[in-house]
Amino acid sequence: MEIVYLAGGCLWGVQAFIKTLPGVTFTEAGRANGTSHTLESDYDGYAECVKTEFDPTLVTIRDLMGYLFEIIDPYRLNIQGQDVGKKYRTGVYSENPKHLKEAKTFLSERNDYDLIVVEVLPLTNYVRSAEEHQDRLARCPNDYCHIPEEILNKYIV
């Protein structure tokens, strides 16, 4: 199994979507690339993200990028749906340089590359979100989600 961290706005919907994808074996709501190692500090530059464990024989980084692009607006900096702020930026983070190279290749091969604001960066810090944010939409299905329901449930079998 391999791990990548995907940011696509509010992590509630992102986690709900990603956990339905073929080849994904585990998800966890969290914070990528902030400066603090605790949830108790003020905003420290993190991006809301989903820690995504996947089987690379079943799904590739390129595949995961394609799925991510189904649920984000890749042209909006720090805005996804009604969520506004730097913590809602889009991005791909990994400790594996190969993942970052594959993500950058995916982006560079797109005709709209010059318009895309999705970060692709090494993971420098990860903090697991509080329990109340884990699988939030499964527990509270009426909470706000920027991802349309037909897309959110597209890969449920």
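1. Basis. The model is predicted: local features need pLDDT of at least 70, side-chain atom pairs count only at pLDDT 80 or more, and totals for chains, interfaces and linings use all residues. Residues are numbered from 1 along each chain as its sequence is written, and side-chain values use heavy atoms, with hydrogens and water left out.

2. Overall fold. Five helices and eight strands make up the chain's elements (DSSP runs numbered from the N terminus; helices are H or I of at least four residues, strands E of at least two). Their order from the N terminus is β-α-β-β-α-β-β-β-α-β-β-α-α. Of the 157 residues, 51% are buried (under 20% relative accessible area with a 1.4 Å probe, protein chains only).

3. Strand 1. In strand 1 (residues 2-8), five of the seven residues are buried. Strand 1 runs antiparallel to strand 3, with five bridges, and E2 lies opposite F54 of strand 3. Strand 1 is also antiparallel to strand 6 (residues 90-94), through four bridges; here A7 faces G91. Strands count as paired if DSSP finds at least two bridges between them.

4. Residue D55. The loop between strand 3 (47-54) and helix 2 (61-71) holds D55. Beyond neighbours within four places in sequence, D55 is in contact with M1 and G23 (heavy atoms within 4.5 Å).

5. Charge at D55. Which side chain of opposite charge is nearest to D55? That side chain is K98, 11 Å away; D55 is buried and has no salt bridge (a side-chain nitrogen of Lys or Arg within 4 Å of a carboxyl oxygen of Asp or Glu). Lys and Arg count as positive and Asp and Glu as negative, whereas His and the chain ends are not counted.

Methods: Buried < 20%, exposed > 50% of the residue type's maximum accessible area, 1.4 Å probe, protein only.
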